[in-house]
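This briefing goes through one structure topic by topic, for use beside the sequence and the coordinates.

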Amino acid sequence: MQILTEKPRAPELRMTEWLQGGPLALAELRGRVILLDFWDYACVNCLHTLPYLKSWHQRYESLGLTIIGIHAPEFQFAQAASQVRDAVQQLEIPYSVALDNQFLTWSRYACKAWPTKFCIDAEGRLRAVHQGEGAYSATERLIQTLLAEINPKAHFPVPMTPVQGIDRPGALCLRATPELYCGWGRGVLENGSNRRESSVQTYCLPDARKQDTLYLEGVWRQDKEFIEPVETPAKLYCRYQSNRVNVVLEPTIDTTIQVLLDGEPVLKEDHGQHIDFHQNQTVVKASQPGMYELIHHQQGGQEQFEEHELVLAFETTGVKVYAFTFVGCVYSA
């Protein structure tokens, strides 16, 4: 967490639409401590921070804290208010949430990554900023400090203990495969031409495949943000090292995608939360745009950091693939 010594005035909010708990203006919230959370519902790092945000809301809302979730879409499909509203309900987010589809507030706060949090004091001045996960105890202590400026006699609970294994002392964070984007805007397909334009190509799979790289087989369309199979069968390959693997999908119809590890169905102890059995196969069933957890390596209840080749096999078209994210931190109780 970066503490801001100059304490500049916090820029006013400019939102596309308020989904719940609004509209709100910082000028109208003078006298309260504000925590702004810039997030995206398909961002795994943002989702990791939600248990802390929800607990802080419960602990400190009555003492003067207002949390505002500012949803800035990383991909175009996440601009749809209905999709974000559904995600807010499914995630049981209790505080105010607004859309920033044009990145107006994002730009005013000079954000660069998801998630980013800003703490604003009761006088409307920026006091701290934190990018990414972590710093939960430091953030909660700062919230208490800012609330104590309003009411010096207030009594606060002991800061939360970590609610996730990867945040606890003893968690081991290793070098995982970096986030892999599929569109030509930010991604690279190792066995494609990677033209900086939307195009349909036939991809042939090479025998030797590099680590931390995406390969396609079959006929695919690559757009600026995504890839999608144009003809089937079609496959996507990725050799990775990680504890968990997530994929961001946008199905236009209910879609079932076969998931393989090293050419075989995924073992039960490696199932992510969105993996199912279907006709003796391990599959992910996608019906809504968002992030799907494919792999979570565990053995005897202990998380494992492993290296494998992931294969997604598509038997139908009608699904866009945006990005893969990988988690490198593991915790053994």
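This is a predicted model: local features need pLDDT of at least 70, side-chain atom pairs count only at pLDDT 80 or more; totals for chains, interfaces and linings use all residues.

How many disulfides does the count come to? The count comes to one disulfide.

**Cysteines**

- The disulfide joins Cys173 to Cys329, with an S to S distance of 1.9 Å.
- The link of Cys173 and Cys329 is right-handed, with 105° about the S-S bond.
- This pair links distant parts of the chain, as Cys173 is in strand S8 (residues 172-173) and Cys329 is in strand S24 (residues 329-330), 156 residues apart.
- Cys173 counts as partly exposed because its relative accessibility is 49%, whereas Cys329, at 17%, counts as buried.
- Cys46 is buried, with a relative accessible area of 1%.
- Cys111 is in no disulfide, and the nearest cysteine sulfur, that of Cys46, is 11 Å away; a disulfide needs the two sulfur atoms within 2.5 Å.
- Cys111 has 9% relative accessibility and therefore counts as buried.

**Nonpolar cores**

- The largest nonpolar core has 63 residues, and those with the most contacts inside it are Leu13, Leu36, Trp56 and Tyr109.
- Helix H1 (residues 44-60) gives the largest share of this core, seven residues.
- Apart from this core lies another of 33 residues, including Val259, Ile275, Val284 and Ile295.
- Leaving aside residues up to four places away in sequence, Leu36 touches Leu13, Ile68, Ile70, Tyr109, Thr116, Lys117, Phe118 and Ile120.

**Helix H2**

- Which residues of helix H2 (residues 81-90) are buried? They are Ala81, Gln83, Val84, Ala87 and Val88.
- These residues are on the same side of H2 because they cover an arc of only 165° around the axis.
- In an α-helix there are 3.6 residues a turn, so residues three or four places apart point the same way.
- Gln89 and Gln90, on the other side of H2, are exposed.

**Cavity and pocket**

- The count comes to one cavity of 30 Å³ or more.
- The largest cavity has a volume of about 40 Å³, and its lining is made by Trp56, Lys117, His130, Gly132, Gly134, Ala135, Tyr136 and Thr139.
- The largest pocket holds about 780 Å³ of space.
- The lining of the largest pocket has 34 residues, and the closest to its centre are Leu47, Leu91, Gln273, His274 and Met291.
- At least two residues of that lining come from each of H1, H2, strand S14 (244-251), strand S19 (290-296) and strand S21 (302-303).
- H1 supplies the largest share of the lining of the largest pocket, six residues.

**Cis peptide bonds**

- Gly22 and Pro23 are joined by a cis peptide bond with omega of about 5°, and Pro23 is in the loop between S2 and S3.
- The peptide bond from Trp114 to Pro115 is also cis, with omega near -15°.
- Pro115 is placed in the loop between helix H3 (104-108) and strand S6 (116-120).

- Where does Glu92 lie? Glu92 is in the loop between H2 and S5, just after H2.
- The phi of Glu92 is near 55°, a positive value in a residue other than glycine.
- Glu92 counts as exposed because its relative accessibility is 61%, and the cut-off for exposed is over 50%.
- Asp262, also a residue other than glycine, has a positive phi near 55°.
- Asp262 is in the loop between strand S15 (255-261) and strand S16 (264-265).
- At 45% relative accessibility, Asp262 counts as partly exposed.

**Ser137 and Pro159**

- Ser137 is part of helix H4 (residues 136-150) and counts as partly exposed, at 31% relative accessibility.
- Ser137 and Pro159 are 22 residues apart along the chain, and their C-alpha atoms are separated by 6.2 Å.

How values were computed
Residues are numbered from 1 along each chain as its sequence is written. Side-chain values use heavy atoms; hydrogens and water are left out. Buried means under 20% relative accessible area, exposed over 50%, partly exposed in between (1.4 Å probe, protein chains only). Helices (H or I, at least four residues) and strands (E, at least two) are DSSP runs, numbered from the N terminus. The arc is that of the directions from the helix axis to the C-beta atoms. A nonpolar core is a set of buried Ala, Val, Leu, Ile, Met, Phe, Trp, Tyr and Cys residues joined through side-chain atoms within 4.5 Å. Contact means heavy atoms within 4.5 Å. On a 1 Å grid over the protein atoms alone, a cavity is a set of points where a 1.4 Å probe fits but cannot get out, and a pocket is an open set with protein on both sides within 12 Å along at least five of seven lines; lining residues have an atom within 4 Å of a point. Grid points are joined across faces, edges and corners, and a volume is the space filled by probe spheres set on the points.
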